[in-house]
Amino acid sequence: TELLGERFNYTGTGRELFNGLFKGGIIFLGPVFLLQTLGQFVNAAFAFLIYPYLGVIIPLLLVFSRRYRTNRSIWRGVRFCFTGEWKECLKIYVIGFVLTIFTLGVYAPWFYAKKQEFWRGNTGFGSVNFKYTGEGKELLKTFLFGYFLILITFGIYALWFKAKLVRYDWEHTTFQNITFKSTVTG
């Protein structure tokens with residue numbers, strides 16, 4: 001991948017990726033297997049503990065993964081970075097999932113915007129972070145219309161829905177005074 005005639009460099013190694021996958025697998029799958037086994041042989045209630053565990057561990061793994069990928073990416077000799085904390089991510093995800101469930105999906109655009117603000121706003125190039133200005137209320141119509149079309153097209157519209165979100169996200173992402181635009185389509 002290149003930008004303005006300069007290629008991006010990725011300095012990660014296969015060994016680092018394998019070690020991260022191995023550690024992530026142990027952190028992710030070990031307790032899930034244990035809880036499932038306890039649920040099967042000791043008490044079925046243990047199996048239900050998988051869901052809160054996954055709710056905590058998935059944001060942790062996502063943050064560590066993002067931090068690794070950005071810290072290993074360089075453009076024009078300047079390294080990207082990720083400064084987000086997993087506790088902040090966990091808070092966004094827990095509140096977002098709960099509110100989305102209790103509002104029967106109406107909160108989904110706000111949850112989506114909060115996630116994008118976290119991921120993009122904590123990603124930086126050098127010492128300057130990107131900024132995301134998308135808002136849930138602007139996305140509400142897109143989500144409601146998108147859900148309806150996905151439902152009546154048996155999922156086919158999901159490609160156009162995702163493309164619309166990608167265009168929206170890039171149009172609402174800035175870096176200092178630089179704005180972005182995407183022309184991706186379904």
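**View 1. The second largest pocket of this predicted model is lined by 14 residues.**
Gly20, Leu21, Gly24, Phe64 and Ser65 are the lining residues nearest the centre of this pocket. Here a pocket is an open set of points on a 1 Å grid over the protein atoms alone, with protein on both sides within 12 Å along at least five of seven lines, and lining residues have an atom within 4 Å of a point. Two or more lining residues come from each of helix H1 (14-41) and H3. Helices (H or I, at least four residues) and strands (E, at least two) are DSSP runs, numbered from the N terminus. H1 gives the most to this lining, nine residues. The volume of the second largest pocket is about 460 Å³, where a volume is the space filled by probe spheres (1.4 Å probe) set on the grid points, which are joined across faces, edges and corners. Its lining has six nonpolar, five polar and three charged residues. Ala, Val, Leu, Ile, Met, Phe, Trp, Tyr, Cys and Pro count as nonpolar, Asp, Glu, Lys and Arg as charged, and the others, Gly among them, as polar.
This is a predicted model in which local features need pLDDT of at least 70 and side-chain atom pairs count only at pLDDT 80 or more, while totals for chains, interfaces and linings use all residues. Residues are numbered from 1 along each chain as its sequence is written, and side-chain values use heavy atoms, with hydrogens and water left out.

**View 2. The largest pocket holds about 660 Å³ of space.**
Phe8, Phe80, Phe130, Trp170 and Phe180 are the closest to its centre among the 21 residues that line the largest pocket. At least two lining residues come from each of strand E2 (6-10), H3, strand E3 (73-75), helix H5 (108-121), strand E5 (123-125) and strand E8 (173-175). By type, the lining of the largest pocket has 12 nonpolar, six polar and three charged residues.

**View 3. Helix H3 covers residues 50-71.**
Why does the span of helix H3 agree with its 22 residues? At 1.5 Å a residue they should span 32 Å, and the end C-alpha atoms are 31 Å apart, so the two agree. The expected span is 1.5 Å times one less than the number of residues. The buried residues of H3 are Ile50, Leu54, Ile57, Pro59, Leu60, Val63, Tyr68 and Thr70; buried means under 20% relative accessible area (1.4 Å probe, protein chains only).

**View 4. E3 and E4 form a hairpin.**
Two residues lie between these strands, and Arg76 in the turn has a positive phi of about 55 degrees. E3 and strand E4 (residues 78-82) pair in the antiparallel sense over two bridges, and Ile74 has Arg79 in E4 as its bridge partner. Strands count as paired if DSSP finds at least two bridges between them. E4 is also joined to E5 by three bridges, and these two strands run antiparallel. Look for Phe82, which stands opposite Thr123 in E5.

**View 5. Three strands form an open sheet in the order E7-E8-E9.**
The pairing in this sheet is antiparallel. Which strands are at the edges? They are strand E7 (131-132) and strand E9 (178-179), each of which pairs on one side only. E8 and E9 are joined by two bridges, and Thr174 stands opposite Thr179 in E9.

Methods: Buried < 20%, exposed > 50% of the residue type's maximum accessible area, 1.4 Å probe, protein only.
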